Amino acid sequence: MSKKNLSTIISAMERLEQIGTQVLECGSDVALNTNSPMKAKGILQQVPERFRIEGVESLELRSQEIQDKLIAKSNDFVSNKEIDESAMAMIDVFAQTMSKATHKGIALTLERVASTFQVKVPDDFGLHTYFDILEVYPQFVLDYAAHNLLCSYKYPRLPLPKDFIDICNPYYDTHKKWLIKTINHFHTLGKYKLSLVEQK
């Protein structure tokens, strides 16, 4: 392998480490367990809802292949540059999706809920309390929580931060856990490719 290939592998590994650090810094801790077997049938159901985009099946299958063959030290693991590069691009998109919501985004979400329930949003002090509590979540998670609250909330007032948290946490943790597992698998692939280069 050339020095260009080596630098590409190292660059990809550094990017995965950055993404992993960013994702780990967003919100609650998630314990990872990647030992459960996965069946090819229903592969899309293994991917969290927000990440179900075109091509994600290949990413999930490749991640599983890395776990089953590479991490298990199988001799029949095959590198696939095209799939691996496409996977890295998808992981980048997912990491950006997991970025924390802005105060403006949180305010718009609260305004949407308040307007629908025909209630007032809190004053600046109360609004900043919502910001402090909800800013750990990505915007798509807050939108998901708002939609659920609008469909099921029974009280004629703005839902409390705890009402948002109760919906946000499981949805967010599912996405975060899957993304961290996938990042870890592709980081392992990067180390494997690097070891092949160093052996030559």
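**Salt-bridge tour**

Select Lys69: its relative accessible area is 28%, so Lys69 is partly exposed. The classes are buried (under 20% relative accessible area), exposed (over 50%) and partly exposed in between, with a 1.4 Å probe and protein chains only.

This is a predicted model: local features need pLDDT of at least 70 and side-chain atom pairs count only at pLDDT 80 or more, while totals for chains, interfaces and linings use all residues. Residues are numbered from 1 along each chain as its sequence is written, and side-chain values use heavy atoms, without hydrogens and water.

The term means a side-chain nitrogen of Lys or Arg within 4 Å of a carboxyl oxygen of Asp or Glu. Glu65 counts as partly exposed, because its relative accessibility is 24%. Both residues sit in helix H2, four residues apart, about one turn of the helix. Helices are DSSP runs (H or I, at least four residues), numbered from the N terminus.

Go to Arg62 and Asp84. Their closest N and O atoms are 2.8 Å apart, in a salt bridge. Arg62 is in helix H2 and Asp84 in helix H3 (residues 81-97), 22 residues apart. Both are buried.

Last stop: Lys181 and Glu60. This salt bridge has its closest N and O atoms 3.1 Å apart. It links distant parts of the chain, helix H7 (residues 161-199) for Lys181 and helix H2 (residues 56-71) for Glu60. Lys181 and Glu60 are buried.

The salt-bridge count comes to seven.

Notes. Helices (H or I, at least four residues) and strands (E, at least two) are DSSP runs, numbered from the N terminus.
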